[in-house]
Amino acid sequence: PLTFPKAQSRTLPNGVPVVVLENHTSPVVSVVAIVYVPTRLEPAGKTGISAVLTSMLSEGTTSMTADQLANAFADLGNKVSPTGFYTITANFDRSLALMADQLMHPAFPDGALARVKANQVAALTRAKESPYYLASRAFANVVYGQGSVYARAATEPEVKSITRADLASYYEKYYRPPNVTFVVGGDITADEAVSKLSRAFGSWTAGTKAMMAIAPPKGVSKETVYIVDRPDSPQSVFYVGTLGPPRNAPDYFATDLANVTFGGAFTSRVNLNLREARHYTYGANSFFLY
């Protein structure tokens with residue numbers, strides 16, 4: 001049977017929660033920074049800025065270029081992202097320093113920003129050729145209502161309009177201790193983890209709690225069929241649904257478990273019926289977005 005390490009909860013002096021799971025069977029450590037900044041907080045007209053910012057965090061810091069970071073990773077023998085790493089215990093301190101530099105001191109170089117935005121625009125252009133994308137966009141606009149923050153999606157003009165100043169403003173407001181939790185697992189004690197994280201991230205202060213009050217969507221009032229015609233498509237996508245419960249619903253876990261049985265996994269009932277038994281589809285599933 002699996003014996004899972006006990007989670008130990010601590011807090012850094014600047015208020016950042018830390019969860020540590022000790023496991024000394026192997027000389028390795030994993031660190032993850034969970035940055036909770038919901039995309040619904042994106043400024044109007046700048047939808048997609050979260051994805052651009054996430055990519056830009058690893059494009060260089062105020063003290064190291066992207067090439068210098070890559071060389072540092074090569075010297076370590078492990079990759080370090082702005083939000084985490086997995087390394088041998090001996091490389092923990094150097095890896096943590098590189099992670100902290102990327103997460104706390106991004107440079108947002110103009111050349112990299114132009115490339116990242118071009119990649120995002122190309123991805124959006126390709127997405128319009130996907131029946132999945134077309135169906136999901138139509139579904140969101142119907143269920144949540146056009147203009148709802150829940151129905152928003154990045155567009156090419158919005159992504160192109162994102163400037164370095166936009167990134168810096170969004171970063172300075174939300175990428176701060178009130179919206180971060182560290183999870184550390186492996187060959188390290190809770191006291192060691194807190195001490196090392198405090199040294200690396202102790203100067204990280206202030207920021208705005210990522211919260212936003214949103215009125216519940218009205219949803220649909222009657223059963224309606226919407227058709228999005230994409231001529232010459234070799235495949236079709238079918239969505240059916242309505243508003244579901246909020247994330248803080250008291251029966252969240254029971255709902256999630258029930259969905260696994262019904263359609264949340266490959267071996268769920270709806271997929272075994274429609275795909276395996278009847279051969280109607282490549283796959284069928286169900287899910288809650290909460």
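Contact means heavy atoms within 4.5 Å. That cut-off applies to the cover on helix H7: what covers its buried residues includes H1, H3 and H4.

## Basis of the model

This is a predicted model, in which local features need pLDDT of at least 70, side-chain atom pairs count only at pLDDT 80 or more, and totals for chains, interfaces and linings use all residues. Residues are numbered from 1 along each chain as its sequence is written, and side-chain values use heavy atoms, with hydrogens and water left out.

## Overall picture

The chain holds ten helices and six strands. Helices (H or I, at least four residues) and strands (E, at least two) are DSSP runs, numbered from the N terminus. The C-alpha trace spans about 55 × 50 × 35 Å along its principal axes.

The chain has 290 residues, and 34% of them count as buried. Buried means under 20% relative accessible area, exposed over 50%, and partly exposed in between (1.4 Å probe, protein chains only). Among contacts with a separation of 6 or more, 75% come from residues 24 or more positions apart.

H1 covers residues 49-56. Its buried residues are Ile49, Ser50, Val52, Leu53 and Met56. They sit on the same side of H1, because they cover an arc of only 165° around the axis. The arc is that of the directions from the helix axis to the C-beta atoms. The buried residues of H1 pack against helix H4 (110-127), helix H6 (156-161) and helix H7 (164-174).

## H1 against H7

Two packed helices are described by the angle between their axes and the distance between the axes. H1 and H7 pack at about 90°, with their axes 10 Å apart. Axes are lines fitted to C-alpha atoms, for helices over the stretch in contact, and angles run from 0 to 180 degrees between N-to-C directions. The two helices, H1 and H7, are therefore roughly perpendicular to each other. Angles under 35 degrees count as roughly parallel, over 145 as roughly antiparallel, 65 to 115 as roughly perpendicular and the rest as oblique.

H1 makes this contact through Ile49, Ser50, Val52, Leu53 and Met56. H7 contributes Asp166, Leu167, Tyr170 and Tyr171. The buried residues of H7 are Leu167, Tyr170, Tyr171 and Tyr174. These residues line one face of H7, because they fall within an arc of 100° seen down the axis.

## Helix H4

H4 has 18 residues. From its first C-alpha to its last it reaches 26 Å, close to the 26 Å expected at 1.5 Å a residue. The expected span is 1.5 Å times one less than the number of residues.

Buried in H4 are Ala112, Leu113, Val116, Lys117, Val121, Leu124 and Ala127. They pack against H1, helix H5 (131-144), H6 and H7.

## H2 against H3

The axes of helix H2 (residues 66-76) and helix H3 (residues 92-104) come within 11 Å and cross at roughly 160°. That makes H2 roughly antiparallel to H3. On the H2 side, the contact is made by Leu69, Ala72, Phe73 and Leu76. On the H3 side, Arg94, Ser95, Leu98 and Gln102 take part.

Histidine 279 has phi near 60°, a positive value in a residue other than glycine. Histidine 279 counts as exposed, because its relative accessibility is 62%.

Tyrosine 290 has phi near 50°, again a positive value in a residue other than glycine. Tyrosine 290 counts as partly exposed, at 28% relative accessibility.
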